[in-house]
Amino acid sequence: MSNATQRTEVLDREPFRWSNLFLRWEFILALLLIGVMVMGTVISKYFLDIWTLSDATFNFSEKAIIALPMALLILTREIDLSVAAIIALASLAMGLCAGLGYGPWALAAIGLVVGLACGVFNGLLVTKIGLPSIVVTIGTMSLFRGLAQVVLGDQAITTYPAGFSTLGQGYLIKWPPIAWSFALFLILAAIFAVALHRTAFGRRLYAIGNNPTAAKFSGIPVEKYKLVLFSLTGLMAGLAAFLLTSRIGSTRSNIALGWELDIITMVILGGVSIAGGVGTVGGVVLAVFILGFATLALSLINVPGIVISVLMGLLLIVSIAVPIMIRRVMGFRGV
Amino acid sequence: MNLLLKNRELALALIVGVMITGIGLYAPAFVSPDNLAYVLDDTSILFMMAMAQMMVILTRGIDLSVASNLALSGMFSASLAQNFPELPVIAYIALAVVSGTLLGLFNGSLISWLGIPPIAMTLGTLAAYRGLIVVYGGGNQVNASEMGDIFQNFPKTPVLGVTATFWIMVVLAISFWIFLGQTRTGRGLYAVGGNPVAARYCGVDLKRQQLLVYVVSGAIAGLCGYLWVARYGVAYSEIASGFELTVIAACVIGGVSIAGGVGTVVGTLLGALFFGVIVNALPVMQITPFWQMAISGAVILAAVMINARGEQRAGKLILPEARRAAAGGKA
Amino acid sequence: MSPYILSLFNVSKSFPGVRALHDVSLALKAGEVTALVGENGAGKSTIVKILTGIYTPDTGEIRVRDAVKTFASPRDSWSAGIAAIHQETVMFDELTVAENIFMGHMPVKSTRLVDWALMKAEAAALLKRVDAGFSPDTKLKDLSVAQKHLVEITRALSHDASLIIMDEPTAALSRNEIDDLFRIIAQLKAEGRAILFISHKFDEIFRLADSFVCLRDGEKVGDGPISSVTEAKLVSLMVGRPIDQVFPKRDIAIGETVLTVKDLSNATEFADVSFDLRKGEILGFYGLVGAGRSEIMQCLFGLTQPIRGTVTLNGQSIKLTSPEQSIAAGISYVPEDRQHQGAVLDLSIRENVTLVSIAQHVRGLFLNRKSELDATRSLGHRLDVRAAHWEQRLADLSGGNQQKVVIAKWLAAHPKVIILDEPTKGIDVGSKAAVHEFIGELAEQGLAVILVSSELPEIMGLADRVLVMKEGRIVATFNRGSWSAEAIVSAATGAREAA
């Protein structure tokens, strides 16, 4: 409209306001992380020690690596409950091949390939046949772990080649002590953050998560993108399987049992909405640290693991309930 | 053939029938009345849990916390028996049901009032409820010798050749059938799941329905907690671990649509029976029980694929000839 | 006792950024059909939602008979004797006809169990009253659209509603089915019920209604007995000015053929669709809701696959397999359902505008925000998008501005052919004028435009040619200058008096 009437001035971006920063979920998570660090320091004199903290990273890095692609899946309204079962199957494959005399790097490749294959299988069922991912991955969760159980029964594979434990148990840098698995997590988190927040790929994921129909009507191949995400989740589960097997040096059919829960908790606490379209990699990384270091602090004062899981379960619920309540109190209305 | 495709229950009943016959031909002992009674008894808890889960799924929800609820309520009940072994059995049952109901109420109230997604809510309580067993019991288990006979004998009491557990299940199944098929509220559940917006126009209240189904789901889980602990004679933090998946699988096999609004009591019972037969046939067929999980996974995937085929919808019927063809096909 | 079954007094309702209703009063008399007329977005559906208890008014009063009522929920409205039949049937496919009729108020026995025998008998009796030829045991999913409408009407009867709201009940019905419906309406009238009839079709309004209420931009702009107005008067009330002045048709030189569609057919939705489209041309598609227009456009856009037929773009045959390919070939499609298919409400204006053309803003591997912002600013200014800043969420904009952003998204993809499916549905008058002017501008710049619209003034004001569709087929073609509103409408409805 060349000769249009008076135009309104439209700013390039929203004027900065402190209240917007304070209301960001990442800001709240950062405060929570500081709170956890302070609490840890207060309740245990062993907490604030570089070696203690470094040790703790072994316990969450493998899960955290899977949380990254899981965040993207949940962002696009899908879910993968079979990740822990994929670990079992990938670990089994590595164990069997170790028995055939393969070296450490070949085993790593096998773990990744099996993980990827499982992810592709999930993805094809969801995208090609159009099945709900929750049912598909409940099914494959039984199938994958079931296959591991068929082969292993109640036995364990514990013979792995020399050097296999390096990546799972070793450090990339001696000082400050940074474990291989933790370093991998940090690198992957950076890659995922850039991919989600700075590329066309990431932008399209947000569009899919917010409105899959409009995304499809905008020429985004929604099904292909979802297939990629399921495959990526499988691949990362394969990587985690390699790191975990390498760290503990054994494969049982119940390896990583129940991990899907911890991983999904990381993602949801990180601010990724199960309804899709909302969430950042930064939030998930913060949630990983909060959960990891809170677990460390509690175990340092001898709180049993299962009690910690009560707290984690409640934290998951609270982390969804609180924003809803804040919104209600502040009078925002959902449409 | 067409009839079979249209009527899932009939098809499923046939499959289960063929399975039982096949196993019976291979191992005649499997089809002896005693063994069949045993299979029914052994599957009763799954029957009950699957029916409750079906009701939740009808409203487009899911309750992943049922197995943890079962274990926690069972623990409370066992612990009452440990301390007061001479109470009438109804007291142990009542405690388990009350505990289960309250745990279900917690799920239901947060889901319906705050609108927390059911999958996230019950994933959280799945972890929390199981952990509470240890918080409560300090990690100790209650063994058969500590529970007392009153507590343990009731579920196994034979009535007309089958156990009391089975008869409880039958009573519940009939109640569910009446509730879902013959009451306003029950039909309302189908309406809410099939089309929440239209249901609202009809004055059917989603929030009340949600609260109801999670409370009922919790109550049944509590009841099954007592039955499970009394039957297997042990209560500790790991019982029925992962059982929620079997329960959901039974629903999916029974034709319950995870998208809501579709599912029947008979179908769900057949889905659960399918599982019960497989689990009990494996030892008879000399297959290690380690196959059970893989088979159930494969069966879930197969069932959901078959369901999807039935649910596929064609385009709109705009052309007059297409409308006539569709109308003709149905007449 | 007052003759009015229901009245609204000075009712207003606002949503963030939108004034949906302002100070509207109306009264519905027993035994009368009142037509509620107004353009899309004038506030008709807000009134329906207030009457059915979905919305509560901000101010004003609802009276049933003479008693002041508040409808806090659909149930309140239902118990006050109000039943609504919606534009698109919203019911329960998996349940039986009888259950659909009685959902929310099923008859029960003394045991509190549903009295199936009574329910089926009552349903059968009611179905007989409307001459429905199906049994109450039929599952709803096995019925046609018209039959589903009958179920909804039966539902209103089952409740003995004293006020029945019909929201475009004839949109998806054939001529015979419409006649049946009118017979039923006459019967309801004779029984002393009040009927609020919402329709875009003037012949129906004048045939059926006793009185009318006209809304424009959320305000009542006229009411009275239907005999006191003419069609032309009613149109000018709705639009606010005489029709010819609304759309200044531009003089545009029409160039060579861009798009040729031949014998395009789909299994159930449309058949033998052939047309061509030239550079600078605006080709109108008119027809009733459900005539298959959107379905053809979605097929051209690659969302569904045809079973036969060819499409040629700039002399090259193209395959319709996915939206990506259609976009790459130069076809853009602005869909009808803005909320679900067009806008990504939780993303910003910038992210929406660049969604389709995102590849243009990739430098190396990464997105360049400045380049995105430049594109957004230039398109946003061109379409006169009103917003505080370009990072504002689309959900916070008015419907009209959302639609401008959606159109901007498609222009950013530099299309050769742009398909606009009901581009002004449900947006305010100001935005509407802007969109209309912009459509003309697009044609002037050499784009080939397909305009799908159910608004006759819009299509007659803008299009060079109009294709009329009925039941999945093109039934008539009209050229500018040799058409009349009556002829176009008759072709679309299949009226016997059609030339």
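Among contacts in chain A between residues at least 6 apart in sequence, 78% join residues at least 24 apart, two residues being in contact if their C-beta atoms, placed from the backbone, lie within 7 Å. The model is a predicted one, in which local features need pLDDT of at least 70 and side-chain atom pairs count only at pLDDT 80 or more, while totals for chains, interfaces and linings use all residues. Residues are numbered from 1 along each chain as its sequence is written, and chains are lettered from A and ligands numbered from 1 in the order in which they are written.

Chain A contains 14 helices and 2 strands, where helices (H or I, at least four residues) and strands (E, at least two) are DSSP runs numbered from the N terminus. The radius of gyration of chain A, taken over C-alpha atoms, is 22 Å, which is close to the 20 Å given for 335 residues by the globule rule, so chain A is as compact as a globular protein of that length; the rule itself is 2.2 Å times the number of residues to the power 0.38. The C-alpha trace of chain A spans about 80 × 55 × 35 Å along its principal axes. Of the 335 residues of chain A, 52% count as buried, a residue being buried if 20 or more other C-beta atoms lie within 10 Å of its own, exposed if 12 or fewer, and partly exposed in between.

Two local features of the chain A backbone lie in loops. A cis peptide bond, with omega about -10°, joins A:W175 and A:P176, and A:P176 is placed in the loop between strand 1 (171-173) and strand 2 (178-179) of chain A. A:A256 counts as buried, because 27 C-beta neighbours lie inside 10 Å.

The contact between chains A and B takes 39 residues from chain A and 39 residues from chain B. Helix 6 (133-152), helix 12 (259-269) and helix 14 of chain A each supply at least two residues of the side that touches chain B, and the largest share of that side, 14 residues, comes from helix 6 of chain A. By class, the side of chain A that touches chain B divides into 29 nonpolar, 9 polar and 1 charged residues; here Ala, Val, Leu, Ile, Met, Phe, Trp, Tyr, Cys and Pro count as nonpolar, Asp, Glu, Lys and Arg as charged, and the others, Gly among them, as polar.

Across this contact, helix 14 (residues 305-329) of chain A and helix 6 (residues 118-137) of chain B pack at an angle of about 150°, with their axes 7 Å apart. Helix 14 of chain A is therefore roughly antiparallel to helix 6 of chain B, a description that applies to angles over 145 degrees, whereas those under 35 count as roughly parallel, 65 to 115 as roughly perpendicular and the rest as oblique. The residues of this helix contact divide into 17 nonpolar, 5 polar and no charged.

The contact between chains C and A takes 38 residues from chain C and 25 residues from chain A. The side of chain C that touches chain A has 22 nonpolar, 7 polar and 9 charged residues.

Key
Axes fitted to C-alpha atoms, helices over the stretch in contact; angles between N-to-C directions.
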